[in-house]
Amino acid sequence: MKPQMRSLLGDIPTLTPSSYANLKRCDRLYWQKHLLRLPASDSQFSPDRGLLVHAMLKMIHDQGVCSDLDLVHDVLAAHGADDEITFEMVQRHARRCPRIWERCGHEVDLSRFQPLPPAVFFAHARIDAIWVHDGILDARDYKTGAVQFNYVGDDPAARVQAFVLAKHLDRVGTTRLRVRYEHLAPEVDEDPEPFEPDAQDLAAITEELKDAVKRMWASEGEFTGVNEPAVCGSCAYRSICRDSATPSEPIWASLSFGP
Ligand SMILES: [Zn+2]
């Protein structure tokens, strides 16, 4: 492996839900975003709404229950978030929220180490909400954008979440895991089918992630881009990518500083 590439990958790579999803999409996207940590050259996407809704949901649940409308109004107003869309998104969550649970946590950081060579890696995930109820560890991922998968189990990001969560099933005394996406944007009619992996599914995910790590090592650190217009056309790094099929002018390179 080339020395400069190996130093970026590190001796123990880390996979997160988003980094693995990007790796599955394009090796070079993974390299630019997660190893080089470059700013996106072509993204006009603002994460502000999503971050705000996530923060409000955590605060509401830290202080009470989301079915308490007075509490919801108070929390949103206290943070200048009492606009119609944010309120509607919180209400869409409230309709999906378990009413009875044994344990819960919000914005929970979880990690899992896969120590067996030749595919040693860490997996790390921040889970928006975890509810333990009815013998299920029920992990929720709040989504404020469009539906991208009809079945959560098809999303590589959810597979990393399941891998990390599986390590913690014993601690909560259950063997049942569910990963569910809550689509909170008013224009989304239906959530995708939740992912409820069994032991066989979880073993398959472990092998899948090990294979991905082994493939990164075996690729000699090249991280070659897919060079397909359908993939590159919506890539936030397409204008600074050697292998882009649809290069353009980087947005951040066209900033004007006046005459
Ligand atoms: Zn709730």
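The legends below describe close-up views of a predicted model.

Residues are numbered from 1 along each chain as its sequence is written. Because the model is predicted, local features need pLDDT of at least 70 and side-chain atom pairs count only at pLDDT 80 or more, whereas totals for chains, interfaces and linings use all residues.

**View A. The largest nonpolar core has 37 residues.** A nonpolar core is a set of buried Ala, Val, Leu, Ile, Met, Phe, Trp, Tyr and Cys residues joined through C-beta atoms within 7 Å, where buried stands for 20 or more other C-beta atoms within 10 Å of a residue's own, exposed for 12 or fewer and partly exposed for values in between, with C-beta atoms placed from the backbone. Among the residues with the most contacts inside this core are Val 160, Ala 162 and Phe 163. The largest share, eight residues, comes from helix H7.

**View B. Strands S4 and S5 pair in the parallel sense over eight bridges.** Strands are DSSP runs (E, at least two residues), as helices are (H or I, at least four), numbered from the N terminus, and two strands pair if DSSP finds at least two bridges between them. Tyr 142 has Glu 182 of S5 as its bridge partner.

**View C. Arg 126 lies in strand S3.** Arg 126 counts as partly exposed because it has 15 C-beta neighbours inside 10 Å. Leaving aside neighbours within four places in sequence, Arg 126 is in contact (C-beta atoms, placed from the backbone, within 7 Å) with Glu 107 and Asp 109. From Val 72, Arg 126 is 54 residues apart in sequence and 24 Å apart in space, C-alpha to C-alpha.

Conventions: Contact = placed C-beta atoms within 7 Å.
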